[in-house]
Amino acid sequence: MSAVTREFRELYGYLPEGVWAAPGRVNLIGEHTDYNDGFVLPFALPQRTEVAAARRGDGILRLHSADAPSGAVSLDVAGLDPARPPQGAASWSAYPAGVAWALLDAGLPIGGGADLLVRSEVPTGAGLSSSAALEVAVGLALADLYGLATTRPELAALARRAENAYVGVPCGVMDQMASACAIEGHALHLDTRSLEQRHVPFDCAAQGLRLLVIDTRVKHALADGAYAQRRASCHEAAAALGVPALRDLPYAGLEQALASLADPVHRKRVRHVVTENERVARIVELLRSGALREAGPLLTEGHVSLRDDYEVSCPELDLAVAAATAAGAYGSRMTGGGFGGSALALIDADAEPEVGRAVTGAFRGAGYAPPRITTAAPSAGAVRLR
Ligand code: GLA
């Protein structure tokens with residue numbers, strides 16, 4: 001019996017009907033493009049969030065997290081209200097409760113309620129989408145338990161809606177799509193407008209390469225307004241340029257578009273988004289042709305763009321990138337929303353100890369807390385485990 005099944009039985013006094021799991025993600029390239037209807041290229045992490053669950057019949061949703069000491073949270077499904085999400089020590093439960101609310105709000109019948117126990121291996125605040133992992137695992141569990149006819153992209157969209165409207169974080173759809181739809185050994189090339197997905201083979205090991213994930217352990221807070229500001233700036237710039245979204249600006253027309261923008265901040269944001277969409281397309285081609293090493297400089301270029309034009313990096317992320325590239329990484333960049341969280345570095349497989357030491361040494365030298373360095377192989381999206 002798995003740990004999460006045993007814990008469920010200890011807590012609720014009976015066995016769950018099933019166990020579901022959904023992973024965190026790393027975004028290889030395509031940052032801050034998803035809310036501009038653009039392109040992204042994330043892949044799923046091996047670390048995931050498990051949910052053991054069973055239906056109830058009385059309209060109560062009981063939520064328990066093995067990682068939060070707040071005890072069980074008990075909510076009335078019919079009373080779930082985005083104006084009153086759980087607060088304080090129970091704030092983690094806004095994610096699963098939000099998913100239940102989003103399913104109901106979409107007319108999907110989960111009204112009988114459920115008992116849920118969640119346990120996660122995805123680090124929180126590391127820019128690795130622990131929230132999406134939790135939302136997608138819960139969404140899949142409820143959809144399966146209640147026999148709902150929802151597709152993975154629909155579930156991802158509902159999970160995102162939960163985060164936007166119930167939790168109050170104005171994220172795009174990348175993280176939930178990666179968690180719900182990724183497949184092992186592949187990156188997910190996603191058009192965030194149409195949700196059309198292509199699975200691009202991404203096998204570092206076969207080419208003697210490895211991807212390091214360097215968690216700076218600086219906690220980001222997307223809800224703190226900077227993310228929403230970036231989003232608003234992009235929408236203003238799109239309106240000023242007369243396009244539905246920045247995705248509609250072709251790379252070839254960038255200089256002309258920039259010249260017609262009066263606001264210097266808009267110019268920087270637009271330059272990042274348009275060049276980033278182009279980097280996604282180029283890296284997809286390199287992956288397809290097996291020229292992974294050549295993607296390195298584009299990753300680093302993406303970091304510079306996020307640092308200087310989009311202004312969402314931080315000194316710890318910049319140092320991780322500088323130290324990794326100085327130690328021989330082919331390329332390195334911050335990944336995720338920014339303002340902290342993780343950087344990734346593409347390295348030769350046998351360079352792992354050396355690059356790790358260089359980054360850790362640089363952090364020590366700067367007086368920063370030691371980073372947490374792991375490697376990541378593209379893993380499977382959400383699954384039913386039992
Ligand atoms: C966060 C959001 C995503 C995306 C990234 C930036 O991870 O949740 O939707 O906008 O930031 O690329």
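Two strands pair if DSSP finds at least two bridges between them. I start from that rule, and I keep in mind throughout that what I am reading is a predicted model.

**Entry 1: strand 7 and its partners**

I looked up strand 7 and found that five bridges join it to strand 8 (residues 197-201), the two running antiparallel. Within that pairing, the bridge partner of His186 is Pro201 in strand 8. The hairpin made by strand 7 and strand 8 has five residues between the strands, and there I noted that Leu195 takes a positive phi near 65 degrees. Strand 2 (residues 39-40) is also joined to strand 7, by two bridges and again in the antiparallel sense, with Val40 having Leu190 of strand 7 as its bridge partner. I then asked how many of the six residues of strand 7 are buried. Five of the six residues in strand 7 (residues 186-191) are buried, so the strand is largely enclosed by the rest of the structure.

**Entry 2: strand 4 between two pairings**

For strand 4 (residues 60-65) I recorded an antiparallel pairing with strand 5 (residues 73-76) over four bridges, in which Leu63 has Val73 of strand 5 as its bridge partner. Strand 4 also pairs with strand 6 (residues 113-120), here in the parallel sense and over six bridges, and Leu61 stands opposite Ala114 of strand 6.

I next traced an open sheet of four strands, whose order is 10-11-9-12 and whose pairing is antiparallel. Strand 10 and strand 12 (372-375) stand at the edges with a single partner strand each, so one side of each has no neighbour in the sheet. From one strand to the next, the twist averages 25 degrees. Inside this sheet, seven bridges join strand 9 (residues 209-215) to strand 11, and these two run antiparallel; for Ile214, the bridge partner in strand 11 is Ala343. Helix 10 packs on the sheet, where it touches strand 9, strand 10 and strand 11, and the direction of helix 10 makes about 165 degrees with that of strand 10.

**Entry 3: helix 9**

Helix 9 (residues 296-310) has 15 residues, and I read a reach of 20 Å from its first C-alpha to its last, which is close to the 21 Å expected at 1.5 Å a residue. Which residues of helix 9 are buried? I listed Gly296, Leu298, Leu299, Gly302, His303, Ser305, Leu306, Asp309 and Tyr310 as buried. Just after helix 9, Glu311 takes a positive phi of about 55 degrees.

**Entry 4: the cavity**

A search of the whole structure returned one cavity of 30 Å³ or more, and the volume of the largest cavity is about 40 Å³. I noted the residues that line this cavity as Leu28, Phe202, Leu211, Ile283, Leu287, Leu292, Ala295, Leu299 and Leu346. Leu299 is also among the buried residues of helix 9.

**Entry 5: the largest pocket**

The largest pocket has a volume of about 850 Å³, and of the 41 residues that line it, those closest to its centre are Tyr95, Thr124, Gly125, Ser130 and Ser131. The elements that each give two or more residues to the lining are strand 6, helix 3 (130-145) and helix 5 (174-181), with the largest share, four residues, coming from helix 3.

Ser130 lies in helix 3 and counts as buried because its relative accessibility, 14%, is under the 20% cut-off. Not counting residues up to four places away in sequence, Ser130 touches Val122, Pro123, Thr124 and Gly125.

Leaving aside neighbours within four places in sequence, I found Glu163 in contact with Tyr95, Ser131, Glu135, Gly168, Val169, Cys171 and Gln176. For Glu163 and Gln176 I also recorded a C-alpha to C-alpha separation of 9.9 Å in space, at 13 residues apart in sequence.

Conventions: Residues numbered from 1 in each chain as written. Predicted model: local features only at pLDDT ≥ 70, side-chain atom pairs only at ≥ 80, totals over all residues. Heavy atoms only, no water. Expected span 1.5 Å × (residues − 1). Buried < 20%, exposed > 50% of the residue type's maximum accessible area, 1.4 Å probe, protein only. Axes fitted to C-alpha atoms, helices over the stretch in contact; angles between N-to-C directions. Contact = heavy atoms within 4.5 Å. 1 Å grid on protein atoms, 1.4 Å probe; cavity = no way out; pocket = protein on both sides within 12 Å on 5 of 7 lines; lining within 4 Å. Points joined across faces, edges and corners; volume = space filled by probe spheres on them.
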